[in-house]
Amino acid sequence: MSTLFGLSHNATLLVWTLIAIVFLIVLISKYKWNPFITLLISALMLGLLTGMKPADVISSITGGLGGTLGTIAIVIGLGTMLGKMMAESGGAERIATTLVDRFGVKRVHWAMMIVGFIVGIPVFFEVGVILLIPIIFTVARKTNMSLLQIGIPILAGLSTVHGLVPPHPAPMIAIEAFSADLGKTILYSLIVGIPTAIIAGPLFGKFIGKRIHTEPPAELAEQFATKKSNNLPGFGITLFTILLPVILMLIGSIANIVDPDATSGFTVFCEFIGHEIIALLISVVFALFSLGFSRGFNKHDISRFTSECLAPTATIILIIGGGGAFKQVLINSGVGNAIAEVATHANINVILFAWLVAALIRVATGSATVAMTTAAGIVAPVLALTPGANIELVVLATGAGSLVLSHVNDAGFWMIKEFFNMSVSQTLKTWTVMETLLSVVGLIFILLLSTVV
């Protein structure tokens, strides 16, 4: 490839990458092009601009898309089914009502953060919001509290899990890209995630709830007010069903730590059931019985639930795949190594670098998942050249960066605006500030933790 305007080879690669990313951002944010199509076009453009052979560009795109979706597509599909069984059985409502009863009205916003955190584990952020909106409206009405004081803690819990806590697809992408340890990442994500969610959730929610008052949209409020909440599943069985995939994954990680060479058959078995796909598959099958058949649903109901919940995930899966294709072209064209060399010479802390890259892509594209996927491709080669870096904390820093400054180019922004019946200005003061708090406070805790581990 010839260099551009006499620039060095690396600098030329970086200029072409910048052009491709700007092109990607403008098409998605200004011209509202479909992100999947735009990611594919941008990947194609970047590959050709950086001098790759056309056949190599195509194989990079198909390889990157397939490689990224190999695990993630299954995780999303199974996680969505688990979420659907929770919704239909009334399991989410059972968790909320139990926590409200235990915590009492004055501390109910703390209970809401826990609800968001727990419910967010097996489901996508958007699914979690749809699942919990009835609970937010119901609790706000029962306790006569501000809608935002109840809602912000739930959103903080959901969003923290979405960006930081495996087995969520976004952190899983970075775990696979960096070859991080799943068990350690889960442990560190809880150490960082819980205090971060407390600051951005109950504390900020109480502050902003007194200043901005909103009423739920009339039709929605009416619809949820008449919802029957009799005959809900038990709290224990619902909680166990949601946490089962996490428990199985932790068993696998502990077995790997105790017996790293897998010398015994028991370790091999524990690692097998602890693999995210097997853990989720076991959990979904368990949920079909614990939240399905035992709740009186018949085989036709369960077949309908598990089929209809998959349609909305198609877009998410394709966008993640497109992000994977773009990431692979970044790596195969040599851009990843060029960025790695620049970052290494700049001597920037790799944790800070991962956060910054993810944050820039998030602000530009509006998608936490695209930010996580693309940043993983850029950060991986830098990480490979940084001996002694804590890989698991780099995963968390990438996740924290991917949450920052959600604004008008993020589908989640409009979803929150509509559900909470807010103006654009109010949504920026509440939702956008909360997401930025999560990201920045999360980074501070990650940097503090890096001094210890």
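Helix H3 bends by about 45° at Leu69. The bend at a residue is the angle between axes fitted to the seven residues ending there and the seven starting there. Helices here are DSSP runs of H or I with at least four residues, numbered from the N terminus. The model is predicted, so local features need pLDDT of at least 70 and side-chain atom pairs count only at pLDDT 80 or more, while totals for chains, interfaces and linings use all residues. Residues are numbered from 1 along each chain as its sequence is written, and side-chain values use heavy atoms, with hydrogens and water left out.

H3 covers residues 54-89. Its 36 residues should span 52 Å at 1.5 Å a residue, and its end C-alpha atoms are 51 Å apart, which agrees. The expected span is 1.5 Å times one less than the number of residues. Just after H3, Gly90 takes a positive phi of about 85°.

H3 also packs against helix H8 (residues 169-178). The angle is about 160°, and the axes are 10 Å apart. Axes are lines fitted to C-alpha atoms, for helices over the stretch in contact, and angles run from 0 to 180 degrees between N-to-C directions. H3 and H8 are therefore roughly antiparallel to each other, a term for angles over 145 degrees. Their crossing is right-handed: the near helix is turned clockwise from the far one by less than a right angle. Thr71, Ile72, Val75 and Ile76 of H3 make the contact with Pro169, Met172, Ile173 and Glu176 of H8. Contact means heavy atoms within 4.5 Å. These residues divide into six nonpolar, one polar and one charged. Ala, Val, Leu, Ile, Met, Phe, Trp, Tyr, Cys and Pro count as nonpolar, Asp, Glu, Lys and Arg as charged, and the others, Gly among them, as polar.

A second pair is helix H11 (residues 235-258) and helix H13 (residues 276-292). They pack at about 165°, with axes 8 Å apart. That makes H11 roughly antiparallel to H13. The crossing of H11 and H13 is right-handed. Residues of H11 in the contact include Phe240, Leu244 and Leu248, and those of H13 include Leu280, Phe286 and Leu291. The contact of H11 with H13 holds 12 nonpolar, four polar and one charged residues.

Helix H9 (residues 182-209) and helix H21 (residues 424-452) cross at roughly 145°. Their axes come within 9 Å. H9 passes H21 in a right-handed crossing. Among the contact residues are Tyr188, Pro195 and Phe204 of H9, and Lys429, Leu437 and Phe445 of H21. By class, this contact has 17 nonpolar, three polar and one charged residues.

Helix H15 (residues 313-332) has 20 residues, which should span 28 Å at 1.5 Å a residue. Its end C-alpha atoms are 29 Å apart, which agrees. Just after H15, Gly334 takes a positive phi of about 95°.

Note on methods: Helices (H or I, at least four residues) and strands (E, at least two) are DSSP runs, numbered from the N terminus. Angles under 35 degrees count as roughly parallel, over 145 as roughly antiparallel, 65 to 115 as roughly perpendicular and the rest as oblique.
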